[in-house]
Amino acid sequence: MQVIVIGGGIAGLAAAHRLTGSGVRVTVLEAERRFGGKLRTGEVAGLRVDLGAESILARRPEAIDLAEAAGLGGVLHPPAPVGAAIWTGGALRPMPKGHVMGVPGTAAALTGVLSDTAVARIARDSELPPLRVGEDIGIGTLVAERMGHEVVDRLVEPLLGGVYAGDAYRISLRAAVPHLYEAARTHDSLLAAVRAVQRQQEEAREGKPAGPVFNGIEGGIGRLPEAVAAACRAAGATLESGVAVTGLRRTARGWAAQLADGRSLTADGVILAVPASAAARLLAAEAPAAGRELAALDYASMALVTLAFRRADLARLPRGSGFLVPAVEGRTIKAATFTSAKWGWAAAADPGLFVLRASIGRYGRAPRSSGRTQNWSAPPSPTSARRPAWRPNPSTRWSPAGTTGCRSTRSATRPGRPGCADIWRHCPEYGCAAPPTTGSASRHAWRAGHGPPRNCCAPWIRAARARTQESRR
């Protein structure tokens, strides 16, 4: 049997590796000059670092098994157990414990991370009508309905939204956290469901040493596709880079792939391991319904910025392995990793350097291509004696396209239209416990006019607009 794998990223290489192990003849075609896709390494200040993902999930076997089969078992290492943090309320705070992907099992678990009002709201979950999740639900939508938006915005979103590069309010509970979904179907409150999951995890670990959640590879995860590609070649697979596939058509025997260099390759089967847009184009003629579905899939744009400092030049070194930044904080970065603190191999490679990297870009919130950063100014407190509408810094270029409410930051200064701070004042979800950052006000207004969660504050936003316009007459 002959199979063509289109796409030589880690997905395509993993498929090729499994097929060659089953005796299938495989040809891998990659349009770029190198294999590996988003996984690759590079040098910063002479140190080899990951320029893509830096770790693999250790509590599932697939990636670990693949790395071991490719000969990397001896260089798999867990991160240093130094703890992570979260930037919230203008300060770094230790990452709270007692939650499942940001969903707490007790209100006390998030004390210090959330406002007192939000913590009290969590505790009321058990007083609500019995929990019903149906066939599926967005995890952020469910948590907001049961525990309030602040839990989602300040913990669930940075954890889940960072992992899946998606909108936490739309990420499937069933797909992303299946064990919590199953528990939610059999318990009357979300708090009880989380505690049930935590008990299951404790029972599963009973008598066993606690293994790492993630693993890295000495020298970088970018070594994984290189090793898998070498293993595929050793098993007899043909790997071609710099070869673009321009079309697919069915034949009497299977499939024919038309290549940009004029060749046509035939095979019994084809595996598409390419982005959705590329797969949609290739399937448009032979499987138009699948092509349309793929064309509708959206992606998040992101970037990684890696920096190296001489330790001698730093007044003090940051603690922990890094931190997450909720979108409501209005910051450009969504996470930072202290590479030299997190990975022992990186620290050992050059003890005089301190390397960190920042992750930029969120689903639906990519900065404009001009490259200018989004630096937000904080809005005034609702109780402030002077209440001019807040304005973005001059470098701000981003505004969420297609939204309502705060259509852009400039709408806050438009005559006859309330600013985000005005809208927030009348929103019972946030109350008046503390002034929000610019991000929390604008995101909350954006959520209200753009779909989920269903119980957001659109009525209060409309009331705020009416009151503000009346006061300006």
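User: Is Phe 309 buried, exposed or partly exposed?
Analyst: Phe 309 counts as partly exposed because its relative accessible area is 33%. Buried means under 20%, exposed over 50%, and partly exposed is in between (1.4 Å probe, protein chains only).

User: Where does Phe 309 lie?
Analyst: Phe 309 is part of strand 17, residues 303-310. Helices (H or I, at least four residues) and strands (E, at least two) are DSSP runs, numbered from the N terminus.

User: And which residues is Phe 309 in contact with?
Analyst: Leaving aside neighbours within four places in sequence, Phe 309 contacts Leu 314, Gly 352, Leu 353, Phe 354 and Leu 356. Contact means heavy atoms within 4.5 Å. Phe 309 and Gly 352 are 43 residues apart in sequence, with 8.5 Å from C-alpha to C-alpha.

User: Thanks! What kind of model is this?
Analyst: This is a predicted model, where local features need pLDDT of at least 70, side-chain atom pairs count only at pLDDT 80 or more, and totals for chains, interfaces and linings use all residues. Residues are numbered from 1 along each chain as its sequence is written, and side-chain values use heavy atoms, with hydrogens and water left out.

User: What pLDDT does the protein average?
Analyst: The average is 80, and 77% of the residues score at least 70. pLDDT is the predictor's confidence in each residue, from 0 to 100. Over residues 367-473 the pLDDT is below 50. Where pLDDT is low, the predicted coordinates should not be read in detail.

User: New topic: how many aromatic pairs are there?
Analyst: A search of the whole structure gives 2 aromatic pairs. Phe 338 and Phe 354 form a tilted one, 6.0 Å centre to centre with 45° between the planes. Rings of Phe, Tyr and Trp (its six-membered ring) pair if their centres lie within 6.5 Å; planes under 30 degrees apart count as stacked, over 60 as edge-to-face and the rest as tilted.

User: What does that pair tie together?
Analyst: Phe 338 is in the loop between strand 19 (333-337) and helix 12 (339-342), and Phe 354 is in strand 20 (residues 353-360), so the pair ties together parts 16 residues apart in sequence. Both Phe 338 and Phe 354 are buried. Ring pairs also link Phe 323, Phe 338 and Phe 354 into a cluster.

User: Is Thr 337 buried or exposed?
Analyst: Thr 337 counts as buried because its relative accessibility is 12%. Thr 337 is found in strand 19. Not counting residues up to four places away in sequence, Thr 337 touches several residues, including Glu 54, Ser 321 and Val 355.
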